[in-house]
Structure formats: structure tokens, C-alpha cells
Amino acid sequence: MKAKTVKLGRLYLTMKSRFGFLNWWPGETKDEIVIGAILTQNTSWKNVEKAIKNLKEENVLSISKIAACKTAYLEELIRPSGFYKQKASRLKGFASHVIKRYGTLDKMFRKNEKELRKELLSLNGIGNETADSIILYAAEKPVFVIDAYTKRIMGRVYGFKEKELEYQNLQKLIQEKIQTDVTLYKDFHAQFVELAKNYCKKEPLCENCPINKNCKYDVNEKLS
DNA sequence: GTCCAGGGCCTAC
DNA sequence: GTAGGCCATGGA
């Protein structure tokens, strides 16, 4: 890994000057953030919004309500988010675990990030990205979230290869290079998402991209 | 009609 | 330990 070419501070400020301070996860409560993190697995956020709207309207948008409701009912409510049987099962599993073992999310979140991460990863349907999204945005502890957007932008801007873009490698690199700070981690990831959604798609729309001049991506070359 | 979206699990080698 | 198949809806 060539440290000399990776200036994350500059990248962050470039994105932030375009989009402003974001520091977000689309969700009003910790429960909603966790539910959204599972529902958005390999799915566009637009579809997740439909599912969350259904849950809210039926008053099931909480860990305790999900633990208590029927699986078939949950499946119907989250159907627009795709993979709905898997996700219903994952939500039920997660919710039952929290209720049975802790009672509330807040109690579970008293663990340090390392212990919490280990526990989340042991649950069915919670992998690296979902675990880290929960830890950063709901538990508010410092782990950097790596997602498809992060990989795409880091790959294009710094020319990283697949091995360097693997989850643990990219996470380690970013965490070593920026200040360990929950607010910075949240906002940095939010900037990645905003940039990718607006400019850095699979079919490149690089012309007006705020980081265009730094980007190594060749617009004439298809991504693999 | 085809491609894609803020993953993760299981299986085979 | 890793490549490939599978899960599924809705929008472009």
C-alpha cells in the first residue's frame, strides 16, 4: 500500500465542500437505523424506504415489535426491499436476540466496539458492513463503514486493486489515516454515499464530479 | 427486456 | 480461503 498517494483529508474536504456536512444515516431512532441496515443489503435505498414506510404505518418499526410479530406478516411489510424472506428471518433473529439477551438495544450497545462487532457477526445475516453500520450509526462507536460506494470511489481515485479493496484492508487503511472520531467517520461515509449516488455510478458520470481531477478512472473503460 | 442496487450465506473445490 | 450461485423487488 503506497501511503504517499493517499491523501484522505483532501478527498474528504473536496466532497464536504460540495455536499456540506452530512453526518447522517436516514433513520430517526436507533431501532430504525438497525432495521434499515439489514434491509438495505444489496438493495437500493428507495426500495428500503417503501419497506420502512410499511413498518411505520403498521407500527412495527422497532426491535421489540419485530421480535413479537409473525414472520409471514413481517415478510409482507418488507417485501418491497427485496430478498424479503431472508431479511424477515434476519430481522426476527436479530430482534429476538436483543430482546432475549438485553431487553433493549441501548444495553447491548454498552459493549465496546470490538466485543459488539464480534457479537453482531455471530448473528445470522449480519456481515462486516451491516455490523459496522450498526456500530457506527446506531451505537455511535468509531468503526469505518466500507460499502460498495466506498470501494468504487477509493478504487477510482487511488487506483486500488481488488486485494486492496477487500473489506478489512480498506477499513484498516482508512482508519489508520484519519482521526478516530465518530462524527468524522459518519460524515466521511455519508460523503462517499452522496458522491457515488450523484456522480460515481457504474456508468460513469464524471464530467461534473467534484473529485474528477483526482480520479484515476478512465471514462472509456468499462468496470469489471 | 436488461441491468442494477449501500450483502451475506452456503457449497464445492 | 475463495469463486460462484442464490436470494427478489422496483426503477432506469
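Biologist: In the structure above, between which helices does the loop that holds Asn 42 lie?

Modeller: Asn 42 is found in the loop between α2 (30-39) and α3 (45-57), where a helix is a DSSP run of H or I with at least four residues, numbered from the N terminus. Before we go on, note that this is a predicted model, in which local features need pLDDT of at least 70 and side-chain atom pairs count only at pLDDT 80 or more, while totals for chains, interfaces and linings use all residues. Residues are numbered from 1 along each chain as its sequence is written, chains are lettered from A and ligands numbered from 1 in the order in which they are written, and side-chain values use heavy atoms, with hydrogens and water left out.

Biologist: What is the phi of Asn 42, and is this residue buried or exposed?

Modeller: Most residues other than glycine have a negative phi. Asn 42, however, has a positive phi, near 50°, and it counts as exposed because its relative accessibility is 71% (buried means under 20% relative accessible area, exposed over 50%, partly exposed in between, with a 1.4 Å probe and protein chains only).

Biologist: How should I read a nonpolar core, and which residues have the most contacts inside the largest one?

Modeller: In soluble globular proteins, nonpolar side chains tend to be buried together. A nonpolar core is a set of buried Ala, Val, Leu, Ile, Met, Phe, Trp, Tyr and Cys residues joined through side-chain atoms within 4.5 Å. Here the largest core has 72 residues, and Phe 94 and Met 154 have the most contacts inside it. Helix α12 (residues 182-198) gives the most to this core, with seven residues.

Biologist: Is α10 largely enclosed or open?

Modeller: Helix α10 is largely enclosed by the rest of the structure, because eight of its 11 residues are buried. Met 154 and Arg 152 are among those buried residues, which as a group pack against α1 (8-19), α11 (167-177) and α12.

Biologist: Which residues are the closest to DNA strand B?

Modeller: A residue is near a strand if one of its heavy atoms lies within 4 Å of it. Of the 24 residues that surround DNA strand B, the closest are Trp 25, Asn 42, Thr 130, Tyr 149 and Arg 152.

Terms used. Helix = DSSP H or I, 4+ residues; strand = E, 2+ residues; numbered from the N terminus. Contact = heavy atoms within 4.5 Å.
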